[in-house]
Amino acid sequence: MFLNVRDMELRPLRISLELPVDAIDFLDPKLKQASPLKVEGQAELRQVLDEIRVKGHLKLDFDIECDRCLESYRFPVDTDFDLVYLPESPDMKPEEGLGDEDVEIGFYAGEGLELNDLLREQVVLALPMQRTCREDCQGLCPSCGENWNLRDCTCEPVEAKDHWEALRGLKLKS
């Protein structure tokens, strides 16, 4: 769905969508969308600066692979968003830095912005960096690959190698 500035000139746009699984590519093959993406919100134009404000709520579920044990688990995303977009100016340079107050501001080019891009960004930001099936996930045995959440293995504990050991014997010449 395209949020067109001209459509918002008269009145705010009401957003009420249910996007089917795989309607948005989340650019991560490990993310398997398990439910439709439901979005409720509103997009409005503040005409003084041609500023677009998009405010709403989204909800969906993913089947995600745990980073520790590699088992799949269900992860719900249920989050609000409140975003502000300003039009790109022709003299704006990409290398110009933004101040702290500008961090929450995005930019759009042309006649508006694509809602799917906005939703992809918000969903990805809502996902955890470390994806674990549970807080106390034990992970896999580094020797045999057994999932320690399901059963223990009989492997001897592997001692961590000191990767700096070879450098300790070197002396600096001055």
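This is a predicted model: local features need pLDDT of at least 70, side-chain atom pairs count only at pLDDT 80 or more; totals for chains, interfaces and linings use all residues.
## Overall fold

Let's start with the big picture. The chain contains 3 helices and 8 strands. Their order along the sequence is β-α-β-β-β-β-β-β-β-α-α.

Of the 174 residues in the chain, 30% count as buried. The exposed surface comes to about 12,500 Å², with carbon and sulfur atoms supplying 50% of it. If you are interested in contact order, take the contacts between residues at least 6 apart in sequence: 56% of them join residues at least 24 apart.

## Around Q33

Q33 sits in strand β3, which covers residues 32–33. Is Q33 buried or exposed? Its relative accessible area is 11%, and because buried means under 20%, Q33 counts as buried.

The side chain of Q33 has polar partners in the backbone. A polar atom of this side chain lies 3.4 Å from the backbone nitrogen of D22, and the side chain also reaches the backbone oxygen of S35 at 2.9 Å. Setting aside neighbours within four places in sequence, Q33 is in contact with L19, P20, V21, D22, I24, F26, L60, D61 and F62.

## The aromatic pair

The structure holds 1 aromatic pair. The ring centres of F26 and F62 are 5.3 Å apart and the ring planes meet at 80 degrees, so the pair is edge-to-face. This pair links distant parts of the chain: F26 belongs to the loop between β2 (13–19) and β3, while F62 belongs to strand β5 (residues 51–65), 36 residues apart. Both F26 and F62 are buried.

A disulfide is a covalent bond between the sulfur atoms of two cysteines. How many disulfides does the model have? The count comes to 0. C69 is in no disulfide, and the nearest cysteine sulfur, that of C66, is 3.7 Å away. A disulfide calls for sulfur atoms within 2.5 Å. With a relative accessibility of 3%, C69 counts as buried.

C133 has a relative accessibility of 27%, so C133 counts as partly exposed.

Methods: Residues are numbered from 1 along each chain as its sequence is written. Side-chain values use heavy atoms; hydrogens and water are left out. Helices (H or I, at least four residues) and strands (E, at least two) are DSSP runs, numbered from the N terminus. Buried means under 20% relative accessible area, exposed over 50%, partly exposed in between (1.4 Å probe, protein chains only). Contact means heavy atoms within 4.5 Å. Accessible areas come from the Shrake-Rupley method with a 1.4 Å probe; for residues, only the protein chains shown count as cover. A polar contact is a pair of N or O atoms within 3.5 Å; within protein, one must be able to donate a hydrogen and the other to accept it, and residues adjacent in sequence count only if both atoms are side-chain atoms. Rings of Phe, Tyr and Trp (its six-membered ring) pair if their centres lie within 6.5 Å; planes under 30 degrees apart count as stacked, over 60 as edge-to-face and the rest as tilted.
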